[in-house]
Structures are given as C-alpha cells and as structure tokens.
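User: I would like to learn how to read a protein structure, one feature at a time. Please give the general idea and then the case here.

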Amino acid sequence: AEEDKKKKLAAEAKKKEEEKKKLLAAQAQAAKEMAMRNAWQSYITIGPYKIEGDDKVKPFAIPVYNAFPVSVDKVTLRVDYIKKEKIVATETLTLGSIPAKGNLQVQATGNKKGHTANVYITGAGSRALHFCFPSNGGKPGDQYYCN
C-alpha cells in the first residue's frame, strides 16, 4: 500500500510539473505574440512601387509583405494622389489573406489629376495572432490585441 501511495504521489507531481511547463510555454507564446503585435509595423510593410505617367498617375501595383509567422487575414491601404503638394484624390484598397512570410500585390487604379501617389497602411488584422490595427481597445500594454 505504501508503494502504491508513493507511485500515486510521483504521478501527481509529474502531472503538476507537465501542467506547469504547458502554462509557462503558453505564457511565453503569449508574450512573443504581444511583442509581434506591438511591433506590427516591422512585420507588415509596403514594398517598392513605381509611379508612371507624365501628367497623370497610371495604374500601378503595390506589393504588401507579411513577415509574421502566421497569415494576415486583411490589410487595408489608402492611396493619396497628389498634385502640387495637395491631395486631389484618395483610394482605399483591401488585400485578403497574405500568407505567413509571404506577400501579395494589389493594383491601384491611378488618377488623371495626380502627379504622384503616397500609400499608407490604414488597417490590418490576423485572427491567428489576435491582432487588429487600428486598435479596438486591446489590453493594457497590448493595444493591438483583439479576440
């Protein structure tokens, strides 16, 4: 009976140790994901794009890169068409499902009045990373967290 008691206690201790390891691994993963969410600008980036046209901006491709180890479900871009330092038109473009460590291109329509264009990321999200930009409240210290 004493031997059975020792085995049972050892098994319980082992189980507790495994649960502790799982909890620590989950906490480490959560901390890693939070660090990635809060540094999202270094993971989701706009690649080089070429603007052509003499008195107008011709349609052009905009590459968007995802350096996260998970896919990004959606990225929203704003394209401002500019002439003489004034915005003459704005266009919103959306890309869906950019693979982990991959990229996708989206086509801007161009503009007859603009002479150049600036492109900005105005939204992004990844369910796998619990990431939302712009922030929807998040958690203290983890503003881009979302369910």
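User: Which residue in E6 stands opposite Val-75?

Analyst: Strands of a sheet pair through backbone hydrogen bonds, either parallel or antiparallel. Here Val-75 faces Ala-124 in strand E6. Strands (E, at least two residues) and helices (H or I, at least four) are DSSP runs, numbered from the N terminus. Two strands pair if DSSP finds at least two bridges between them; E3 and E6 run antiparallel and are joined by nine bridges.

This is a predicted model, in which local features need pLDDT of at least 70 and side-chain atom pairs count only at pLDDT 80 or more, while totals for chains, interfaces and linings use all residues. Residues are numbered from 1 along each chain as its sequence is written, and side-chain values use heavy atoms, leaving out hydrogens and water.

User: What is the order of the strands in the open sheet?

Analyst: The order of this four-strand open sheet is E4-E3-E6-E7, with antiparallel pairing. E4 and E7 are the edge strands, each pairing on one side only.

User: Which residues touch the most other members of the largest nonpolar core?

Analyst: In soluble globular proteins, nonpolar side chains tend to be buried together. A nonpolar core is a set of buried Ala, Val, Leu, Ile, Met, Phe, Trp, Tyr and Cys residues joined through side-chain atoms within 4.5 Å. Buried means under 20% relative accessible area, exposed over 50%, and partly exposed in between (1.4 Å probe, protein chains only). The largest core here has 27 residues; among those touching the most other members are Phe-60, Val-75 and Phe-131. E3 gives the largest share of this core, five residues.

User: How many aromatic pairs are found in the whole structure?

Analyst: Rings of Phe, Tyr and Trp (its six-membered ring) pair if their centres lie within 6.5 Å; planes under 30 degrees apart count as stacked, over 60 as edge-to-face and the rest as tilted. The search finds eight such pairs. The rings of Tyr-43 and Phe-68 are stacked, because their centres are 4.6 Å apart and their planes at 10°. Phe-68 is buried, at 0% relative accessible area. Phe-131 and Tyr-144 form an edge-to-face pair, 6.3 Å centre to centre with 65° between the planes.
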